[in-house]
Structures are given as C-alpha cells and as structure tokens.
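Subject: Structure for you to look at

Hello,

Here is the structure I said I would pass on. Please open it alongside these notes, which follow below.

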Amino acid sequence: PQYLSPIGYQLWGGANNLPLRGGKTGEFEGGIRVNSFVTGGLVPTKMRGMESQHLMHFADWYGTFCYLAGVEQTDWVAIANGLPDVDSINQWPVLSGQTTETQRTDLQVSPVTLIDYSGKWKLLTGADPGSINANTVPGFVPF
C-alpha cells in the first residue's frame, strides 16, 4: 500500500512549517510538499527504509499502479473524444531503485502556478483562485 498526507500544514493557530515556506492553501513548498511512503512485498529490500526527494504528483500513483498491474494507462476513449490523455507518470523506476533519474520534472500546481524542478523555477502568473487568502493580488505573497 501507499500512504500520503493531505496537502501542507496549517499555519494559523500558532503553527509553523519550517524549514518550508507557506502552508495549507498556499503554493509555496510548505503548501504542496507532503510526506508519503510505500510499503509491501513489491518494494525491493535495498529500497526499504530509504528516503527520496524525487518530484512526484499524486496522479502519478495511477501510472505506477497501471504498470505494476500490467495494464496500459492510456485513456483511448478520452483521446478519441478530443480530450487529453491521463497525466500520470510511472514512478516505479524511482520507487524500486531501478534509476536515480527523476521521472517528473514539472508540476502544474494550480491554474496559475507551474513548477519546473529541472531548472528550480516556479512560475506564478496570478493569484491562486482556490486560495483562502481573499486579498491576494498579483505581486502580493501572503506568507
């Protein structure tokens, strides 16, 4: 089984998320980076107890589970109807220790935020429409 945390840690009520900036509902690392772990008999012995800093989106579990089940992840019905294919990357090569190369290099966090981990850039193009910070405007960062 795999386990992962809900997004971020709340900052209100005297909490902090150090050393990460921001928290729940924010688009900085403190609001989007979470703990996760994998366990079970498929995990190679050499990877048990190991820590990884590889970028992984929660949608990548779909591609990883499809690979492990031996089924194709492509959504041919969606493609036939003009919709995009599934945005999921098989992360088993990293989780199993077959490679140390990151499988995902960018991450669309929200409609206004794209993170490019290959170049260590984060592009913010406006206020996050899902943020609880109602007074957020372009150019203003609440945390």
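**Salt bridges around Arg104**

Asp60 and Arg104 form a salt bridge, with 2.6 Å between the closest N and O atoms. The two partners come from distant parts of the chain, 44 residues apart: Asp60 sits in helix H2, and Arg104 in the loop between H4 and strand E3 (106-110). Please keep in mind that this is a predicted model.

Side chains of opposite charge can pair when their charged atoms come close. In this model, a search of the whole structure finds two salt bridges. The other one joins the side chains of Asp87 and Arg104, at 3.5 Å from N to O. Asp87 is in the loop between H3 and H4 and Arg104 in the loop between H4 and E3, so this pair ties together parts that are 17 residues apart in sequence.

Gln91 belongs to the loop between helix H3 (76-80) and helix H4 (92-95). Its relative accessibility is 1%, so Gln91 counts as buried. Leaving aside residues up to four places away in sequence, Gln91 touches Leu55, Met56, Asp60, Thr64, Gln103 and Arg104. Two residues in that list, Asp60 and Arg104, are the partners in the 2.6 Å salt bridge.

**Helix H2**

Helix H2 covers residues 60-69. Which of its residues are buried? Asp60, Trp61, Gly63, Thr64 and Cys66 are.

By the rule used for ring pairs, the count comes to one aromatic pair. The pair is Trp61 with Phe65, and the arrangement is stacked: the centres are 5.6 Å apart and the planes make an angle of 25°. Both residues lie in H2, four places apart, which is about one turn of the helix. An α-helix has 3.6 residues a turn, so residues three or four places apart point the same way.

Leu68 is in H2 and counts as partly exposed, with a relative accessibility of 36%.

Just after H2, Gly70 has a positive phi of about 75°.

**The loop between H2 and H3, and H3 itself**

Gln73 is located in the loop between H2 and H3. What does the side chain of Gln73 reach? The backbone oxygen of Ser88, at 2.7 Å. Beyond residues up to four places away in sequence, Gln73 touches Tyr62, Gly63, Cys66, Asp85, Val86 and Ser88. Gly63 and Cys66, both on this list, are among the buried residues of H2.

Ala78 is part of helix H3. At 10% relative accessibility, Ala78 counts as buried. With residues up to four places away in sequence left out, Ala78 touches Leu83 and Pro84.

**The chain as a whole**

The protein chain contains four helices and five strands. Along the sequence, the pattern is β-α-β-α-α-α-β-β-β. Of the 143 residues in the chain, 24% are buried. The accessible surface amounts to about 9600 Å², and carbon and sulfur atoms account for 58% of that. Taking contacts between residues at least 6 apart in sequence, 48% join residues at least 24 apart.

**Where to start**

I would begin with Arg104, which has salt bridges to Asp60 and to Asp87, and then go to Gln91, which touches both Asp60 and Arg104.

Regards

Note on methods: Residues numbered from 1 in each chain as written. Predicted model: local features only at pLDDT ≥ 70, side-chain atom pairs only at ≥ 80, totals over all residues. Heavy atoms only, no water. Helix = DSSP H or I, 4+ residues; strand = E, 2+ residues; numbered from the N terminus. Buried < 20%, exposed > 50% of the residue type's maximum accessible area, 1.4 Å probe, protein only. Contact = heavy atoms within 4.5 Å. Areas by Shrake-Rupley, 256 points an atom, 1.4 Å probe, with all protein chains shown as cover. Salt bridge = Lys/Arg side-chain N within 4 Å of Asp/Glu carboxyl O. Phe/Tyr/Trp six-rings, centres within 6.5 Å; stacked < 30°, edge-to-face > 60°. Polar contact = N/O pair within 3.5 Å; in protein donor to acceptor, adjacent residues only side chain to side chain.
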